[in-house]
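Thanks, I will keep this short.

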Amino acid sequence: MPTDENLSDPSLIHERCGRRMEPFYWILTFEALALLLLSALALAAGPVYLVVTFRHFWSYMSLLLIIPGLWLIRFSILTLKAYIWKNRHLDRYSLYRDDIRYLHYEQAVKEEDAVRLDEVDRVYIAYYVAQYHYAYKKTKWFESQSVFHLLPMLYVRYRRDAQERILKIPFYELPDLKKWLKHFKQRGSIEIWATDLLLEQKTEAEQLSVLRKPLDTSPFDIEKKGFKKRLDNLLYELGRKRSERERASQEPSESFGGAKTIRARSGTPQPQRPLYRGNGSVGAGGAAVRESSTGQGARQESSRKPRMSTVVIFALLFASLYVLTGFVVDGRVSPDNMWLCIGCFLAAAAAYFVMADRLTFWHAVRFTLAAFIGWVLAGAIMPLTDTGAGGEFYSTAIGATILLPLTIWLPFGMVCWIRRQFGLNEEEEVTL
């Protein structure tokens, strides 16, 4: 929304201001970070309590958790401060009759300047990937939202002091972008082009270098009907032609490799680079976005419902606690046998990691949290753990869960190495 000081300025054409996080998501974020901070405090102080209370081998081993606990305390405080700072410092881009005035924050550094329109010779329409954009716009309850959204971006090329510069202006809505383009069109001296490349993470010099290439950009007429459809078709064609050029450049090099090289590669299909198909959000349609030829495409891990294999793995893990407790009560297993509990965790974790589509750090975090909560709750509701040997073994089992943030990395590292050897964890281009 325009600021109060700009409402009375007749030369103001349009103003694009940054958005604050929606109240629901802001409260949710604050509560999540507060819960993380409390958990970190418990992780840092809990081992000291266990050592003083139990004076057992596993209680001394739990002292190793103090270091990650202190790290989590620092992480949660810094993250909360960053969110508060971002919510209070919003970017602002104002289009006036003869200039563009902007206020931008980059890494806590304030940049405020103006660009005269007579310095501008060309603007480029593009897209950028906005993560967690759903938290900054009004949505309906139970409305499905993607983690990533494709939003319009405007790259303004201008010349100042005999040097070319780029000003990038992100937008939230396409109609706001069109207001700026119409004003540029009315001036007559500013060319309007488009590019399918994702350049928001590039430096200004890299953006200028890429935008100078005529094969990666194309003129765009904003006055014809069907703005969105024509723009998407143009960007798709740019990506398709680039892919054809890259395949054509690879064919001669393969032909010089001889028949042996061709036969070796014939059994391994080469992945095709994704082309651009415009869409409003990542994951909402059958579109794909590409960056420049040297960059990486926007990626995301598909959100799916829990698999049946995951349910079976955790069900067996929680059931194993009941079986082991029964063995302890019958005298077959010692109540102090923590290695048996750790072995159950490691076996379940290895099976869980093997079944993952693409193993990441978050798989280990999710397994640790789910196993800890499920193991504790499963033991708490069992009558066998109320008193006697069953109660002692339950304390030992809790000790195994406390050590899980340390022991989980053994199966994680082994499975990662195996998947890498067989090429099962290769990065894949993600359809957007």
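I start with α11 and α12, which are roughly antiparallel to each other because the angle counts as such when it is over 145 degrees. The computed angle for this pair is about 175°, and the axes lie 10 Å apart. Bear in mind that this is a predicted model.

Which residues make the contact? From α11 they are F372, W375, V376, G379 and A380. From α12 they are Y394, A397, I398 and T401. Sorted by class, the contact of α11 with α12 has seven nonpolar residues, two polar and no charged.

Now α12 by itself. Helix α12 covers residues 388-402. Its 15 residues should span 21 Å at 1.5 Å a residue, and the end C-alpha atoms are 22 Å apart, which agrees. Buried residues of α12 include G390, G391, F393, G399 and A400. Y394, A397 and T401 are also buried, and these three belong to the contact with α11.

Next, the other pair. Helix α9, residues 308-329, packs against helix α11, residues 361-380, at an angle of about 40°, with the axes 9 Å apart. That angle makes α9 oblique to α11. The crossing of these two, α9 and α11, is right-handed.

On the α9 side, the contact is made by F314, L317, F318, S320 and L321. On the α11 side, F367, A370, A371, G374, W375, A378 and G379 take part. The contact of α9 with α11 comprises nine nonpolar, three polar and no charged residues.

Definitions and conventions:
Residues numbered from 1 in each chain as written. Predicted model: local features only at pLDDT ≥ 70, side-chain atom pairs only at ≥ 80, totals over all residues. Heavy atoms only, no water. Axes fitted to C-alpha atoms, helices over the stretch in contact; angles between N-to-C directions. Helix = DSSP H or I, 4+ residues; strand = E, 2+ residues; numbered from the N terminus. Parallel < 35°, antiparallel > 145°, perpendicular 65-115°, else oblique. Left-handed = near helix turned anticlockwise from the far one by under 90°. Contact = heavy atoms within 4.5 Å. Nonpolar A, V, L, I, M, F, W, Y, C, P; charged D, E, K, R; others polar. Expected span 1.5 Å × (residues − 1). Buried < 20%, exposed > 50% of the residue type's maximum accessible area, 1.4 Å probe, protein only.
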